[in-house]
Amino acid sequence: MEITKKRLRKDFEPITLAMSLVCISDNSPVRQVYNAALLEIEPERVASPCTVLPHVVAATSDNSWVNGRANSLLASMVWKVDGVDITGIPAWIGLYSIETTGENKGALIISRNLYPSEHFALSFEAVITDLRFGINVPVKIDGIALSCADKSEDDYSISIGEDEIIKYDPFKDNLLLYEYKVAHGIIAGSTELRAAAKDLNCFDRTIALDVYQGKNIVTEGVTMKLFKVTTDIGGNAVLTETTGTDYEIVSKSTSAINIDLRLITKAEYLIIIYVNSSGVGSAIVANEVARKQFSINRLYPKFIGEVVSGAGILPGDRETSNRVAITKENSIVPYPECVLKIDWFSDAYDAITGIKTNTHNEGQDVVIELEKAGMGDNHLDNWLDIYFRATQKGAFEVAVDESAEVFTDENDEILIFN
Amino acid sequence: MKYIVLDTQRALALGFNPGLYRRSKKGIRVIINENDLKHNPKIPGETIEDKALFVNGKIYDINEIHNLMKGNW
């Protein structure tokens, strides 16, 4: 008789790892301070070493993994300084050790002192053997830096000439209204009128930037980068440096950022200031010294709208016209179609369904052909309900063709629409 | 900054983890810094000197601690 065997295996879920680099020597932190008065670095690491632990926690959804705190299982450990294996850096010989046993296995014990111009990024790589599958699971962690602050120098800070939460209300934007009137031929454009329309509420927003060192404003020796802050699927903040395709950023420098608020619904930005600390040319090392975050939110305030005219229609009339009146905070909104999408509708009698709804034009005004709309001459159908729906227009978008090429005018200015 | 040398057992009793500090060759003494003293709620005293007295520790400046570590402490 032929016997066939069938092998059964346990099915396991793969491990997920939570990893971070943590300084566990509370009073010997990653950032030393140079005390110029005493000519000492504090705390001095030969006496008070700094310990950075790669904190690794493993778990599985099927509870088949029992070693939650997984440091004791680390193997093939490599610490890197600025991307280079620490064992291969002569300047670090004898100035560190790596814990090889226990729950702090993998910890880097640092005896090297830094000086104010020095800055090192630490990273850690290792593997954890997963005996359930017979594989090595890679561990790779970065994100901690060693540095030294000069106690004799004041800290840098950034001050911006705006609230950290900028709220843009298109209803209050006189510049937006000016641009609308010029574009629609209602008024002739002029430099003086445009300048008069610019105020604190306009879309053309200049955020003044002052970089301070202590109490003094710094204008030289610093550079600025502007980042957009978004969130990835894991809820982590992602920084992306703004480029020329971030069209809402009109210009940026260490003294001001100019933003076109029409192009933003909601966005967060981060300003980072760097000081060039050492090196020349392409070898310049720029150290971050200050950062400031601000956000921009487009407001969608409440408004009230009503059809202006309720006058009756004469028997001989073939059409009727009407207009919308929009009020916000008890004031009439001039040219509401500048900020609102207004669609007109009418209801008339329908012999079969009872009500027939017609869609008319978009805009502040409406003209309705009465017969087409279903208005008749008897008591059943000699009426028309006129109404509208108004929604606030969203942020402007950059006009592009099907190949994502941006449309520009004769002055090479990009075209936007909403 | 000041540095304080105290017995490892005393340090353990005060909540310090000897593994995170510089230890003597035989492991019977550890070096802590003045911030370790200041930030430990178990150590009373207004000044570093009062706190060092409480932990039965001796205070050193940086040069003195370096000389100590070169020797057989």
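Modeller: The contact (heavy atoms within 4.5 Å) draws 16 residues from chain A and 16 residues from chain B. This is a predicted model, in which local features need pLDDT of at least 70 and side-chain atom pairs count only at pLDDT 80 or more, while totals for chains, interfaces and linings use all residues. Residues are numbered from 1 along each chain as its sequence is written, chains are lettered from A and ligands numbered from 1 in the order in which they are written, and side-chain values use heavy atoms, with hydrogens and water left out.

Between chain A and chain B, about 1300 Å² is buried (the accessible area, with a 1.4 Å probe, that two parts lose on being put together, summed over both), and carbon and sulfur atoms give 48% of that area. Zero salt bridges are counted between chain A and chain B, a salt bridge being a side-chain nitrogen of Lys or Arg within 4 Å of a carboxyl oxygen of Asp or Glu. By contrast, 11 residue pairs, both at pLDDT 80 or more, are in polar contact between the chains (N or O atoms within 3.5 Å; within protein, one must be able to donate a hydrogen and the other to accept it, and residues adjacent in sequence count only if both atoms are side-chain atoms).

On the side of chain A that touches chain B, the largest share, three residues, comes from strand E3 (residues 40–42) of chain A, strands being DSSP runs of at least two residues, numbered from the N terminus. That side of chain A divides into seven nonpolar, five polar and four charged residues (Ala, Val, Leu, Ile, Met, Phe, Trp, Tyr, Cys and Pro count as nonpolar, Asp, Glu, Lys and Arg as charged, and the others, Gly among them, as polar).

Technical notes
Helices (H or I, at least four residues) and strands (E, at least two) are DSSP runs, numbered from the N terminus.
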